Amino acid sequence: MPHLSSETTFLKKVHQKLGAIPLTTSLLLNFLRLSSVTPSHTNKMADDPWQRAYDFAVQVARKAGAEIRKAGESEIRVMTKSSTVDLVTKTDERVEKIIIGSLKEEFGEGTHCFIGEESVAKGEPCILTDKPTWIIDPVDGTTNFVHGFPFVAVSIAFAVNKELEFGVIYSCLEDKMYKARKGKGAFCDEEQIQVSDVKDINKSIIISEHGTDRTKEKVTKIFSTMQKILCIPVHGLRGSGTAATNMCLVATGAVEAFFEIGIHCWDIAAGAVIVKEAGGILLDVDGGPFDLMSRRMVSANNDIIANRIIKEIEIFPAVRDDAPIQKK
Ligand code: IPD
């Protein structure tokens, strides 16, 4: 694997750029409290088979977030994946191992399947079957992490029979735990969250990202779409640099929609449950049904906003996450 080395002290940069976020007492307490994950066999609910998995996912996400913060205190070795701007660090790899290791220890080896960003990068399959499957992005916002841009999230989703049962997103620098279970509402920490009720696109804020593909044709389409949406006009365009956090911003009503072509299932699986449970909707960029493996998604507070955006999106091809691996 090619690697370039860029060294930076992440937390120092975050401290410089955003005085409000540095390790507060509550962050420190959470880190101390959760520096080890305790088994939760006692949480079983007979009528609710996945409650234990859900509760455990929250614990694991918090533990992973503490690891990310700790890693940010030392130098970060940066490597690249599909292109020179598709970054990965030892922290991404280590945190994914911690998450999958903790889940295997809790639920037993071989009982569940795993789709993890860094495992797939190393050649593991990215196929969603009917088996209970964890879909994991250990560090969503790796570029942010490397540069000290203060939005980094751990994203953990769980699907059974190809249906998403729950999603957990821990925005670890803000110390915000977003979570949702199918049919049970969405929460930020213990507070229930809801999408905005704005129906007028002229009163909306829309998020999009430009991803890691710098092919001129794609970049032109991405910016042309953004220009058209900006000139509808909307109140503003934004982007946090993490798809998971972007979806939480839709779920809390801070923005009306987030769309992207080129994202992966691990970037959006947990967010998909959170947006839906917060009262929002998910669609394909052509207005058809949302398909987790398609690498195309519009998430919005309602169908009026979603369909208005869809009218402006210039679609470009993206190879599905579950496409057969091309031999080189
Ligand atoms: C990236 C982020 C980014 C999105 C990219 C993703 P990563 O995930 O979610 O917001 O625009 O498409 O690849 O690589 O930081 O896990």
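This is a predicted model: local features need pLDDT of at least 70, side-chain atom pairs count only at pLDDT 80 or more; totals for chains, interfaces and linings use all residues.

Trainee: Which residues surround the ligand, and which are the closest?

Mentor: A residue is near a molecule if one of its heavy atoms lies within 4 Å of it. Here 14 residues surround the ligand, the closest being Asp137, Asp140, Gly141, Thr142 and Glu260. The shell divides into three nonpolar, five polar and six charged residues (nonpolar: Ala, Val, Leu, Ile, Met, Phe, Trp, Tyr, Cys and Pro; charged: Asp, Glu, Lys and Arg; polar: the others, Gly among them). Strand S4 (residues 133-140) gives the most to this shell, with three residues; strands (E, at least two residues) and helices (H or I, at least four) are DSSP runs numbered from the N terminus.

Trainee: Which backbone atoms lie by oxygen atoms of the ligand?

Mentor: A polar contact is a pair of N or O atoms within 3.5 Å. A backbone N or O atom of glycine 141 is 2.7 Å from a ligand oxygen, a polar backbone atom of threonine 142 is 2.8 Å from one, and for a backbone N or O atom of valine 139 the distance is 3.3 Å. The ligand taken alone exposes 370 Å², of which the protein buries 91% (Shrake-Rupley areas, 1.4 Å probe).

Trainee: What is the make-up of the lining of the second largest pocket?

Mentor: A pocket is an open set of points on a 1 Å grid over the protein atoms alone, where a 1.4 Å probe fits, with protein on both sides within 12 Å along at least five of seven lines; lining residues have an atom within 4 Å of a point. The second largest pocket has a volume of about 400 Å³, a volume being the space filled by probe spheres set on the points. Its 17 lining residues include Lys162 and Phe290, which are among the closest to its centre. The lining divides into nine nonpolar, no polar and eight charged residues.

Trainee: Where does a cis peptide bond occur?

Mentor: Most peptide bonds are trans. A cis bond joins isoleucine 232 and proline 233, with omega about 5 degrees.

Methods
Residues are numbered from 1 along each chain as its sequence is written. Side-chain values use heavy atoms; hydrogens and water are left out. A polar contact is a pair of N or O atoms within 3.5 Å; within protein, one must be able to donate a hydrogen and the other to accept it, and residues adjacent in sequence count only if both atoms are side-chain atoms.
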